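I set out to record what I looked up in this structure, entry by entry.

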Amino acid sequence: MLRTHSSHELDRRLVGQKVTVAGWVDRRRDHGGLIFIDVRDRAGLVQVVFNPELSPDCHKLAGDLRSEFVVQVTGAVSRRPPGTENRKLATGEIEILAESLTILNTSETPPFYINEDVEVDENLRLKYRYLDMRRPRVRDNIMLRHRVVRFIRDYFDELGFVEVETPVLGKSTPEGARDYLVPSRMQPGKFYALPQSPQQMKQLLMVGGLEKYYQIAKCFRDEDTRADRQPEFTQLDMEMSFVTEEDVMSVTEELFTRMMRQMYPTKRIVTPFPRLTYAEAMERYGSDKPDLRFGMAIGDVSGVVARSEFGVFKNALEAGGRVRGIALPGCAGYSRQELGHLTELAQSYGAKGLLSIALGECASLNELSMEQVRCVAAKYLSLEQVKEIARETGAAPGDLIVLVADTGDVTTAVLGKFRQEMGLRLKLADPDFFAFAWVLDFPLLEWNKDFGRWQATHHPFTAPLEADILLLDKEPGRTGSRAYDIVLNGYELGGGSIRIHQAWLQRKIFQVMQYSDAEIDERFGHLLEAFSYGAPPHGGIAVGIDRLAMLLSGENTIREVIPFPKNQNAADMLFNAPSAVTEEQLKELHIRLREE
Ligand code: ASP
C-alpha cells in the first residue's frame, strides 16, 4: 500500500508515531510560514502541516499543491496545539507534521467545489459523478447502501436462502411497464427484453426445487423518470416454496425490524407492523401507500351534511358523490391568501374547489360557538353539524377543516395527495419515526378503461383468494388477491404475493384478461408447461433497494443513492448515453432506422 493508515485509523493514540497517508488535497491554507492541507480519503480528513524549519523541501513542494491533487505524505502524528482542535472532525485532535511529500497526480480545477456543501446543478453533478462522489453526501449514501445490502445478504444467508443470479437477456414479461428491448444479431428480427423483474425466473426456481431464493436484482422499466423511479433500479427479490402470506410477511418484517434495530437503534418503529386493508387505506388515507408518520385521517361527512341546502354539498350528494375532508392541525388562523393557496393545491389534484371551516380557539369542541366558526357556508350549517364534522375529521379547536364534495374517487384522490403534502408542509412527520405498514386485501384485477379489459392489480401471477375463484367468471372485479404491499413513510417499499401454481388457474387468469389461447401459449407457454410438472405452492416479495436507501438516508430522490443514475430524461450524463451507433452496428443487428 502507498499508505500505512487510512484517516479513520488516526487518533491521539498514534501521537509520536510516523505514518504515511495518501489522498486528495481537500483544502490548502498558507499561514505565513506554515502550510496546512487537509488530506481527504474515503473515510474522512486529516490535517497535515508543512513547516519550513522541519522540512524545507517538502514545504516548498507543498506550495504547488492545489485542490484535488493526489498526495502521499509521511510524518509524525502530533497533538494539535491547545485551542486549535477541531471537534467536528474525527481526527480533529491531531495533525501530521510532514517530513516527505509526493505528488502522485495533479488535478484540473474541478467544475464545482468538492470541499463545500454547496448546491450544484444536478446534471453537472451527474456528468462529473466521480467528483461528486468525493463529497460526503454521495459517498455516505453509497456506503449506506453497501451496509443495507450486506445486512440483507447476511440475513437471508442465515435463513438458508440461496442467492441466484437470473439472466438479464430474457423475454418480455407483463409487469405493467414498457420493456427495454435488445435486438438479436443471431436471430434477425427478434428481440430480447430486459427483465422488468425476475418474477417468472424466481417462480421457475421454485418449480426447480430451490425452495428459498433471493437476489439483489437489477430491473429495467422504460417508464418516465421520476424522483422515485429510474429506468434501471435494484430490488431485493425473494421467493419461497410451501408458504402462506404470513410466512413471506414475517420473513420480510423480521428483516426490517432487525435492520432498523441494528443500523438505526435510535429511530422508532412500531412492531408488529400495522396492517391495513387496501379498502381501509384508500378510505382513511386516500392512498394505497399511506404515510403513517402522522394521523390526519380522512373523514366522511356526507351523512352530516345530507340535508344541507348548500349547493356544493347538495349537487355532489345528489349525483351519488361524497363529502369528505381532513383537519389541518393549528391552521384555523390561515389568511384568505393562504386559504386561496390551499384551494389551488386541491385543484391541482383534481378538485373543483375546497370548502374550509376554521374552528376558533376554545377549551374544547363542546364549548365551541358559531361565532368562532369561520366558513363561507356557515349560514347553511348548524353548530351541531360543525361539531359533527369536526368529530368525523378528528378536528379540534384551532384546526382548519377542509372539505371536498365530488365523486367518491375524486375525493379519495384529492384528499390523499392533499393530506400527504400538507402533512409534510406542516412538519407532522416525525423524522425519527420509520412508519412501516402492510397493505392487504387488494383486488386481483382492475378495469383498464383505455383498453376496455381487466388487468392484474399486481401482476398476473398473483393468486386469487381461494374462496373467490368462482367470482372470476361472474364478477372479476370482486375477486380478492393474495397480494401484500409493504409501505414505509408514504412510499411503496415493496410488494409480493402468493402465486398461482396450477396451470389451469394461470390460464384462466390470462383468459379473464382477454388473452387468446394462442397468445397465452406464445407468451407464457413455458410457464404453464413448467406448472404442469409438479410446481409447489410458492410466494415471495420484492423490495426496492433504491427507495429503501433513499428513505433511510433522508434523501428526496433515488438518484442520490444510486452511484451512477440517469437524469430526468433517462440519460447518462457521464457517458452520454443513450448515443448514436454506427451504421455497421445497425446492419449487424438487421436494423434500419425509420425516418420520422
Ligand atoms: N415481481 C414483483 C415486482 O417486481 C414483486 C413480486 O411479486 O415478488 O413488483
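**Entry 1: Aromatic rings**

I began with the aromatic side chains and found that ring pairs join Tyr-155, Phe-156, Phe-161 and Tyr-214 into a cluster. I note at once that the model is a predicted one. I then took the count of aromatic pairs, which comes to 17. One of them is formed by Tyr-128 and Tyr-130, an edge-to-face pair with 6.2 Å from centre to centre and 75 degrees between the planes. I looked up the accessibility of both partners: Tyr-128 is partly exposed at a relative accessible area of 22%, and Tyr-130 is partly exposed at 41%.

I next turned to Trp-447 and Trp-454, whose ring centres are 5.1 Å apart. Why is this pair edge-to-face? The planes of Trp-447 and Trp-454 stand at 75 degrees, and planes over 60 degrees apart count as edge-to-face. For Trp-447 I noted a relative accessible area of 45%, so this residue is partly exposed.

**Entry 2: Charges over rings**

I looked for charged groups placed over aromatic faces. Arg-268 lies over the face of Phe-433, 4.0 Å from the ring centre. The charged end of Arg-453 sits over the ring of Tyr-515, at 5.4 Å from its centre.

**Entry 3: The second largest pocket**

I recorded a volume of about 610 Å³ for the second largest pocket. Its lining is made up of 19 residues. Which of them lie nearest the centre of the pocket? They are Tyr-180, Leu-181, Val-182, Pro-578 and Ser-579. Strand β7 (residues 181-183) supplies the largest share of the lining, 3 residues. Sorted by class, the lining holds 15 nonpolar, 1 polar and 3 charged residues.

**Entry 4: Cis peptide bonds**

The peptide bond from Ala-577 to Pro-578 is cis, with omega near 0 degrees. I placed Pro-578 in the loop between α15 (545-553) and α16 (583-588). The peptide bond from Thr-271 to Pro-272 is cis as well, with omega near -15 degrees. Pro-272 belongs to the loop between α6 (245-263) and β11 (275-277).

**Entry 5: Positive phi values**

I noted Met-296, which is not a glycine but has a positive phi of about 55 degrees. This residue is in the loop between α7 (278-285) and β12 (299-300). Is Met-296 buried or exposed? Met-296 is buried, because its relative accessible area of 10% falls under the 20% limit.

Gln-514, likewise not a glycine, has a positive phi of about 65 degrees. I found Gln-514 in the loop between α13 (503-512) and α14 (517-531). At 49% relative accessibility, Gln-514 counts as partly exposed.

**Entry 6: Gln-196**

Gln-196 is buried, with a relative accessibility of 0%. What does its side chain reach? The side chain of Gln-196 reaches the backbone oxygen of Ala-177 at 2.8 Å. I also noted a polar contact of 2.6 Å between the side chains of Gln-196 and Asp-179.

Notes
Residues numbered from 1 in each chain as written. Predicted model: local features only at pLDDT ≥ 70, side-chain atom pairs only at ≥ 80, totals over all residues. Heavy atoms only, no water. Phe/Tyr/Trp six-rings, centres within 6.5 Å; stacked < 30°, edge-to-face > 60°. Buried < 20%, exposed > 50% of the residue type's maximum accessible area, 1.4 Å probe, protein only. Lys NZ or Arg CZ within 6 Å of the ring centre and 35° of its normal. 1 Å grid on protein atoms, 1.4 Å probe; cavity = no way out; pocket = protein on both sides within 12 Å on 5 of 7 lines; lining within 4 Å. Points joined across faces, edges and corners; volume = space filled by probe spheres on them. Helix = DSSP H or I, 4+ residues; strand = E, 2+ residues; numbered from the N terminus. Nonpolar A, V, L, I, M, F, W, Y, C, P; charged D, E, K, R; others polar. Polar contact = N/O pair within 3.5 Å; in protein donor to acceptor, adjacent residues only side chain to side chain.
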